Amino acid sequence: MSPHVEAPPRRRARWAPYVFAGPAALLFLAFSLLPIVIAVALSFQDTATLGDGEWVGAANYQTMLGDPLLRTALWNTVLFTAGTVPTAMAVGLALAVALNRPLPGRGVLRALFFVPMVAAGVVVGVIMSWIFNPDYGVANNALAALGLGGLPWLTSPRTAMLTLIVVVVWTRIGFCMVIYLGALQSIPAELREAAAIDGASGWQRFRRLTVPMLAPTTSILLILNVVFSLQAFDVIYVMTGGGPGFSTTVLIQYVFRSAFADARMGYAAALGLLLVLILLVFTLLRQRATKRAEELL
């Protein structure tokens with residue numbers, strides 16, 4: 001019998017990266033790249049399904065330019081993002097500053113504030129729908145106990161968006177708190193002590209020292225929260241379904257509605273590519289902010 005001939009070590013080393021990266025590359029092709037290619041093809045078709053459709057060129061993109069519902073969805077997206085992002089960041093920063101001090105039960109409080117972030121969006125949506133139900137919800141029962149009238153939290157265009165913003169902020173402040181806590185603990189204690197010795201008050205130390213030192217973290221957190229808001233779907237879908245009317249339909253909701261409610265799969269693909277483009281811009285900004293933060297460290 002001829003002796004077994006092993007592959008040269010150099011040849012095995014040459015193929016090793018492909019063996020390890022191959023499964024991840026196949027998953028990326030199957031679940032990321034291929035769907036994008038299909039979406040691009042669908043965006044040039046007039047079709048109600050993923051099957052064969054009629055090629056209409058750039059008609060779907062031309063429709064987008066004159067679609068009043070798209071303008072409303074974009075405006076709702078701006079309102080939702082403007083309401084959730086700065087509020088969650090401000091409350092998260094306040095909690096981080098408060099819980100960065102030696103307090104009794106500090107670890108328990110941190111965990112309690114972070115729990116909503118790890119809860120499933122559908123679960124949060126169902127629970128909050130019960131709480132803000134205008135007929136038997138806890139919120140209106142609490143108002144009635146105070147002698148106040150109930151509010152149509154989710155059934156009025158004037159209050160539905162505000163209610164969603166409150167719920168999403170509640171789920172996100174824990175994430176902002178944890179990120180800010182990590183950044184606060186990286187600030188050298190000697191700087192705070194030197195500022196205190198120089199006679200700076202607590203507010204002056206926070207405004208002149210803490211806030212500038214947190215600037216890189218704030219930039220990254222701002223972009224991350226904007227991306228989160230642009231992708232917010234489950235809570236909105238469960239609580240309002242984009243209603244009442246069209247008052248809480250954001251862009252990602254409009255994509256879903258166009259595809260599965262209006263059976264306009266081609267137009268939905270074009271809307272989805274618009275959303276991907278917006279997310280890509282903020283992703284590039286996040287990478288730039290992360291690189292800048294690393295350079296400042």
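Visitor: Is phenylalanine 175 buried or exposed?
Guide: Phenylalanine 175 is buried, since its relative accessible area is 15%. Buried means under 20% relative accessible area, exposed over 50% and partly exposed in between, with a 1.4 Å probe and protein chains only. Keep in mind that this is a predicted model, where local features need pLDDT of at least 70, side-chain atom pairs count only at pLDDT 80 or more, and totals for chains, interfaces and linings use all residues. Residues are numbered from 1 along each chain as its sequence is written, and side-chain values use heavy atoms, leaving out hydrogens and water.

Visitor: And what about phenylalanine 228?
Guide: Phenylalanine 228 counts as partly exposed, at 27% relative accessibility.

Visitor: OK, aromatics. How many aromatic pairs are there?
Guide: The structure holds ten. Rings of Phe, Tyr and Trp (its six-membered ring) pair if their centres lie within 6.5 Å; planes under 30 degrees apart count as stacked, over 60 as edge-to-face and the rest as tilted.

Visitor: Why is the pair of phenylalanine 175 and phenylalanine 228 edge-to-face?
Guide: Because their planes sit at 70°, with the ring centres 5.5 Å apart. That pair links distant parts of the chain, 53 residues apart: phenylalanine 175 is in helix α7 (residues 157-185) and phenylalanine 228 in helix α10 (residues 215-230). Helices here are DSSP runs (H or I, at least four residues), as are strands (E, at least two), numbered from the N terminus.

Visitor: Which residues do ring pairs link into a cluster?
Guide: Phe233, Tyr237, Phe256 and Phe260.

Visitor: Switching topic, how many helices and strands does the chain have?
Guide: 13 helices and two strands.
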